[in-house]
Each structure stands twice: as C-alpha cells, then as structure tokens.
Amino acid sequence: EDTLALEVFEANKQVAREVFPSDLFTYIQASIVSLSCPDDAFEILERLIDQMVPKLKAAQAATKSSSAARPSTTSIRPTTTARILASTLAEAKQEMNMLLKTFIPILMLQAKLLWDMKEYSKTEQLLLEHSDYCAADNDWNLNLGHALFAQGNDKLEESIPYYEHVINQWAEEGKLLKAPAVAVANLCVAYIMAGRNESAEIILKAVENDEDKDSSFQINDDAKTSYHSCLVNLVIGTLYCEKGNYEFGIRCICKSLPPGFLCSHDVWDFIKRCLLSLATKISKLMIVIENDVTCDLIDFLSEIEIHCNGSLEIVAGEARQLKILFHSLKGC
C-alpha cells in the first residue's frame, strides 16, 4: 500500500501541484515520502517550516503591536481610532490563526517522524523550538506531553502542565470524556510518580462520575463505550505492578475492564505482562498475595475467557492458561 501511494502520487504529481496550494502539496508529498524514506520527508518538512516561521513571527509581532496600541478602556461610543485599532487587532489575530492552522499539522508530522524513530528527546526539542507561537495549541501541548512522558524519570513530572492544558479545557466545559483517554491516563501516572496521588484520584473519580452521568456512554453500546476509566485503571495498575505493589496494581487491573468488556489484543498484552510477572514472583516465593486478591484475579480471568471465546480465541486461551496457573499457585 505504501508503494502504491508513492507510485500514484508520482504519476499525478503535476496535477496535484496545479490543484493544491503549495504548502498543502508539500505536506502531502512529505506524508507520502515518509512511508518509504523518513529522512527525505523530514528535510522536505524542514524547508517548509523554515519558509513559514518568518510569517508566523511577523503575524505574532503584528498581533502584539495591535494589542498594545488598543485603548485599555472601553466606552459606549468608541472613537474612530479605537474602531480602527480593534479591526486591525482582529485581522492580525485572524492571520495568526490561519497560519497556525497550516503550520501545526506540518510541525506535528515532523515530530511524528522523530517519534516513530523513538527519538523522544529530539521530539521534545523540536516542539519547544516553536513554543512562542504554539503554546496555546492543544495538539502542540498534547504531543509535547507525550514526548516528555515517553522519556520517563524526571520528565514525567515535566509533562504534567502540558497534559493539564489539554484536559483542564475539557473538564471546565464538563466534557472530560472527550479529552484523549491516553492523556488522562498519562496525567494520572505522572501525578502518582510526582507524589500527587490525590490529584490522580480526583481525575479518576471525575471520569467515573462523568461516565455514570453520561447516558451516551453505555457498556452495552460498543460504538459509544468510554474507555477513559478503563485505560486509567489499567495504566495505574501496570505502574504499581512495575513498582512491586502487586496487590493494589492487580486490583486496579481487575477494575479496569467492566463486565462484558471485549478485551482487545493490545489491552490484553498490558494485562498479561503484569500477571506473568506476578506469577513469576509468587512461584519464586518472592511475594505473597492475599487469597481474596487471587480469587478476584481468577474471576477476572474467567470473565475475559468467557467474553473473548469465539471472537478472540488467543486471548481467551491465554486467559484460561493463566487462570489454571494461578489456581495451582494458590488455592481459591
């Protein structure tokens, strides 16, 4: 498919050049080239960004200048000068917004090329280079948060304000369930790692409350299921298992999938790694788990086996094997 896309684009390049604006044509070209040669695509995008940055700086300067010149006080009948200044400011803001609307997707594609190569530090540096005019953009904040979070350690705490920028806007509008689920989960993990457990609990409770109140998110309606609390509990559970607090981590994981939830392969991989690690430590007598936790875990695995049987045979089979394993490790 990648080769086909490149061949079709090359065969119709002249037509595309005539139909699309130059910046859109270059963006599409870079997108297709990135499929086979990411380095070439990065250079194409770099040249395009170099062309756009002076325009952004000029528009930003015009906006600041117009804003500074505008009178600080308002009157019922503004003067002609005030009306002209207000109009100039509105035009400057509109120009800035139009430029950002074009610039942000280009920058995000360039950042994605670095991300795909696992160059998370370089992704961070690239995004920060353009913080002067992108700092208010949700996509910029979200992806910078991801770049910092992926680096772990001290960078986890640094990701917090960028995730908060995105999530707080949705929370203030009462639409937390529309915020990216992965951002909600990552923010909770960052809070925990920074010792701010109460902040993580507040978000998790807010998500659960919103899911309970919002009738459009029902477990029985696959098209409208909210995965926010599921993902948050799963990520937090995984984190605590990695830190060695298996009992709390396993409880979170068991809580992450509501009854009747169809467990995907990706979600199952997260769960399976934690359970295999737990089984290894129990078998080596490194830890002891309370009997009720093991019972809950076996019931959880039974649910996965039942609901994945037929549609996700591999997941159902592995859940059954793990259930047998934990039965043998500790009676229930």
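Which helices each supply at least two residues of the lining of the largest pocket? They are helix H8 (138-151), helix H11 (181-193), helix H13 (228-242) and helix H15 (265-283). Welcome to this structure, which is a predicted model. The protein has 17 helices and zero strands, and buried residues make up 41% of its 332 residues. Here is a short tour, topic by topic.

**Overall build**

- Among contacts in the protein with a separation of 6 or more, 61% are between residues 24 or more positions apart.

**The largest pocket**

- The space in the largest pocket comes to about 480 Å³.
- Its lining is made of 19 residues, and those nearest the centre of the pocket are Phe149, Asn186, Val235, Thr238 and Phe270.
- Of the contributing helices, H13 gives the most to the lining, with six residues.
- What kinds of residues form the lining of the largest pocket? There are 13 nonpolar, four polar and two charged residues.

**A buried glutamine**

- Gln29 sits in helix H3, which covers residues 22-33.
- Is Gln29 buried or exposed? Its relative accessible area is 17%, under the 20% cut-off, so Gln29 counts as buried.
- Leaving aside residues up to four places away in sequence, Gln29 touches Phe9, Lys13 and Ile44.

**Aromatic pairs**

- A pair of aromatic rings is described by two things, the distance of the centres and the angle of the planes.
- The model has five aromatic pairs.
- One of them joins Phe103 and Tyr133: the ring centres are 6.0 Å apart and the planes stand at 75°, which is over 60 degrees, so the pair is edge-to-face.
- This pair links distant parts of the chain, with Phe103 in helix H5 (residues 80-116) and Tyr133 in helix H7 (residues 131-134), 30 residues apart.
- Both Phe103 and Tyr133 are buried.

- Most residues other than glycine have a negative phi.
- Lys118 is not a glycine, yet its phi is positive, near 60°.
- Where is Lys118 found? Look in the loop between H5 and helix H6 (120-128).
- Lys118 has 61% relative accessibility, over the 50% cut-off, so it counts as exposed.
- Leu285 likewise is not a glycine and has a positive phi, of about 60°.
- Leu285 has its place in the loop between H15 and helix H16 (291-308).
- With a relative accessible area of 77%, Leu285 is exposed, because that value is over 50%.

**Cysteines**

- How many disulfides does the model contain? The count is zero.
- Cys252 is in no disulfide, and the nearest cysteine sulfur, belonging to Cys241, is 8.5 Å away.
- Cys252 is buried, because its relative accessibility of 10% is under 20%.
- Cys134 is also buried, with a relative accessible area of 0%.

Key: Residues numbered from 1 in each chain as written. Predicted model: local features only at pLDDT ≥ 70, side-chain atom pairs only at ≥ 80, totals over all residues. Heavy atoms only, no water. 1 Å grid on protein atoms, 1.4 Å probe; cavity = no way out; pocket = protein on both sides within 12 Å on 5 of 7 lines; lining within 4 Å. Points joined across faces, edges and corners; volume = space filled by probe spheres on them. Helix = DSSP H or I, 4+ residues; strand = E, 2+ residues; numbered from the N terminus. Nonpolar A, V, L, I, M, F, W, Y, C, P; charged D, E, K, R; others polar. Buried < 20%, exposed > 50% of the residue type's maximum accessible area, 1.4 Å probe, protein only. Contact = heavy atoms within 4.5 Å. Phe/Tyr/Trp six-rings, centres within 6.5 Å; stacked < 30°, edge-to-face > 60°. Disulfide = S-S within 2.5 Å.
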